Amino acid sequence: MKVAIVGGGIIGLFTAYYLRQQGADVVIIEQGEPGGWSKAAAGILEFTRFVINRINVRSYPKRYLSMALRGDARIKTWDWRWISAYLRAWGREPTQDMWEAIKTLGEYSWRQYRALAEAENDFAYSEEPLYEVGIDVAAALEEAKRDPLSPKVEMGRCCGREALVYLDAAKLSTEDFVARMLRELQGVQMVRKRAQEVAGREVWLEGGDVVKADAVVVAAGYWARKFGIPVAPFKGYGFRTTAKAQSMFIEMAKGVAVVPLPKWTKVTGRFDLDGTEDHSPSARVLQRAREVLGNFEVLDMSVGYRPCTPDGFPIVDKIGEVVIVTGACRLGWTYGPALGKLAADLALGKPGVEALTARRFRR
């Protein structure tokens, strides 16, 4: 069986990985560098804590507006279909089956990252606490007690301040993990062209070429909107730096995440509703990071467009003959293995998870 995957980000790579395991012939269609946009992520894995993705809670618009007013976020891309879906989802609590699905995704992904690291830890995988500073820690602890995923948290200190300590966290080097996946996928055909349309079992490419397959998976983030999927691009920036840090932490008040790794320290920031190629806000990330870490050198920068659904939950669905997997927002890396496995199973004709289909936005 031949499967074409449109999109070579982390979820597309995991989809290819599991399809290969099940004997499928795979072709990945990616206009840029495979894994390129996914590298911008900090590499923080939060397997039992979903709160960072809850963008439809009633308090979130006010918080986002506050970020925008102080210059730490901006809105450049207006998708009225997404905004309409967001207004319908605003304040709506997830159903129990959605929480169960997310819990299963986290458990599966955690096992897979551990297994890959046990085979060869060439991507700096480490399970260690994540500290959150610049927040009301007492309120965050109370919120954690009500969390359906039952995260392990406690009060602690980081950077000389009181912090929320999330104990179920892990980290990895996104750059090194992409390189690992590409080694795992040696022999998979890579087509470095832009996909213009998907028509059933055909992918029409820029320049007139056509890729034909027995099944097509679209794992191309924001591009999934072409199928009527409500997904928006929340842009972020990642920097490999010489900064010094003792612990993995997020400075919530400044919107900066810091992940110390063996060869560099990853610094990331921004959550801009912005699908453009204007990357000028990246300077603000560095300004904010230096307020926290002092001066450091930048080794390189990467850009990513987090695909976010209006409720923050991912979508894994089959629409007609096409499998769609997108919408994991800030937790795309966290749930990457599980979402790739679900997409691979759907492509092979196996059942999906009803709670994660796009039908919840059409009810």
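## Largest cavity

Asp72, Lys254, Gly255, Val256, Gly269, Arg270, Arg284, Val285 and Arg288 line the largest cavity of this predicted model. About 40 Å³ of space lies inside this cavity, and a search of the whole structure finds one cavity of 30 Å³ or more.

Sorted by class, the lining of the largest cavity holds five charged, two polar and two nonpolar residues. Strand β17 (265-273) and helix α7 (282-293) each contribute at least two of the lining residues. The largest share, three residues, is from α7.

## Second largest pocket

The second largest pocket has a volume of about 320 Å³. It is lined by 14 residues, of which Tyr64, Ile75, Trp82, Tyr86 and Leu273 are the closest to its centre. The lining of this pocket consists of 14 nonpolar residues, with no polar and no charged ones.

Helices α2 (60-69) and α3 (80-89) each provide at least two residues of the lining of the second largest pocket. The largest share comes from α2, with five residues.

## Nonpolar cores

The largest nonpolar core has 56 residues, and the members that touch the most others are Ile5, Phe14, Tyr113, Tyr125 and Phe177. Two or more residues of this core come from each of β1 (2-6), α1 (10-21), β2 (25-29), α4, α6 (174-184), β13 (215-218), β20 (322-326) and α8 (336-347). Helix α4 gives the most to this core, 10 residues.

A separate core has 23 residues, including Val191, Ala224, Ile324 and Ala358. In soluble globular proteins, nonpolar side chains tend to be buried together.

Ile5 shows the contacts of one member of the largest core. Setting aside residues up to four places away in sequence, Ile5 touches Gly12, Thr15, Ala16 and Leu19, as well as Val26, Val27, Ile28 and Ile29. Val217 and Ala219 are also touched by Ile5.

## Ser109 in helix α4

Ser109 is found in helix α4, which covers residues 96-119. Is Ser109 buried or exposed? Its relative accessible area is 0%, under the 20% cut-off, so Ser109 counts as buried.

Beyond its neighbours within four places in sequence, Ser109 is in contact with Phe47 and with Thr334, Tyr335, Gly336, Pro337 and Ala338.

Key:
Residues are numbered from 1 along each chain as its sequence is written. This is a predicted model: local features need pLDDT of at least 70, side-chain atom pairs count only at pLDDT 80 or more; totals for chains, interfaces and linings use all residues. Side-chain values use heavy atoms; hydrogens and water are left out. On a 1 Å grid over the protein atoms alone, a cavity is a set of points where a 1.4 Å probe fits but cannot get out, and a pocket is an open set with protein on both sides within 12 Å along at least five of seven lines; lining residues have an atom within 4 Å of a point. Grid points are joined across faces, edges and corners, and a volume is the space filled by probe spheres set on the points. Helices (H or I, at least four residues) and strands (E, at least two) are DSSP runs, numbered from the N terminus. Ala, Val, Leu, Ile, Met, Phe, Trp, Tyr, Cys and Pro count as nonpolar, Asp, Glu, Lys and Arg as charged, and the others, Gly among them, as polar. Buried means under 20% relative accessible area, exposed over 50%, partly exposed in between (1.4 Å probe, protein chains only). Contact means heavy atoms within 4.5 Å. A nonpolar core is a set of buried Ala, Val, Leu, Ile, Met, Phe, Trp, Tyr and Cys residues joined through side-chain atoms within 4.5 Å.
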